[in-house]
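Q: Can you walk me through this one? I'd like the fold and the packing.

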Amino acid sequence: MTALETFGTFVAHGVRGSVTRDLRRAIRLHALDTVAAWIGGSDTAEARQIITTAEAVSDESDGALRDIMLNCARVRLSEVDDIHIGAMITPGSFVVPAALSI
């Protein structure tokens with residue numbers, strides 16, 4: 001079972017002991033990596049343009065969703081966020097900013 005599957009099982013079922021010390025360490029490392037990518041991506045011309053455009057086309061009713069999407073975009077703009085090679089995706093780029101934004 002992968003670290004992500006173990007964590008998902010814990011979240012879904014609350015299985016005691018399923019989140020090991022090594023898994024907690026890996027989660028902490030990936031979350032920190034994502035936050036660093038978020039900071040790096042936030043200080044780009046592209047991020048400023050995305051924010052300006054989003055503010056121009058959105059209304060007050062979609063504020064929280066807009067903020068989550070903008071935060072996820074900032075992580076991806078850094079091009080240094082973690083990648084899961086097997087799936088060729090960067091799950092941290094949308095999971096961590098969304099969770100912290102909520």
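A: A definition to start: helices (H or I, at least four residues) and strands (E, at least two) are DSSP runs, numbered from the N terminus. This is a predicted model, where local features need pLDDT of at least 70, side-chain atom pairs count only at pLDDT 80 or more, and totals for chains, interfaces and linings use all residues. Residues are numbered from 1 along each chain as its sequence is written, and side-chain values use heavy atoms, with hydrogens and water left out.

Q: How many helices and strands in the protein chain?
A: The protein chain has 5 helices and 0 strands. Along the sequence the pattern is α-α-α-α-α.

Q: What share of the 102 residues is buried?
A: Buried residues account for 25% of the 102 residues. Buried is under 20% relative accessible area, exposed is over 50%, and partly exposed lies in between (1.4 Å probe, protein chains only).

Q: Which residues of helix 5 are buried?
A: Ser93, Val96, Pro97 and Ala98. These buried residues of helix 5 pack against helix 2 and helix 4 (63–77).

Q: What angle do helix 2 and helix 5 make?
A: Helix 2 and helix 5 (residues 92–101) pack at about 85°, with their axes 9 Å apart. Axes are lines fitted to C-alpha atoms, for helices over the stretch in contact, and angles run from 0 to 180 degrees between N-to-C directions. Helix 2 and helix 5 are therefore roughly perpendicular, a label for 65 to 115 degrees; under 35 is roughly parallel, over 145 roughly antiparallel and the rest oblique.

Q: Which residues make the contact?
A: On helix 2, Ala31, Thr34, Val35 and Trp38; on helix 5, Gly92, Ser93, Val96, Pro97, Leu100 and Ser101. Contact means heavy atoms within 4.5 Å.

Q: Where is Thr34, and is it buried or exposed?
A: Thr34 sits in helix 2. Thr34 counts as buried because its relative accessibility is 2%. Setting aside neighbours within four places in sequence, Thr34 contacts Val75, Gly92, Ser93, Val96 and Pro97.

Q: Different topic. Where is Thr44?
A: Thr44 is in the loop between helix 2 (21–42) and helix 3 (45–57).

Q: Why does Thr44 count as buried?
A: Because its relative accessibility is 16%.

Q: What does the side chain of Thr44 reach?
A: The backbone oxygen of Gly41, at 3.0 Å.

Definitions and conventions: A polar contact is a pair of N or O atoms within 3.5 Å; within protein, one must be able to donate a hydrogen and the other to accept it, and residues adjacent in sequence count only if both atoms are side-chain atoms.
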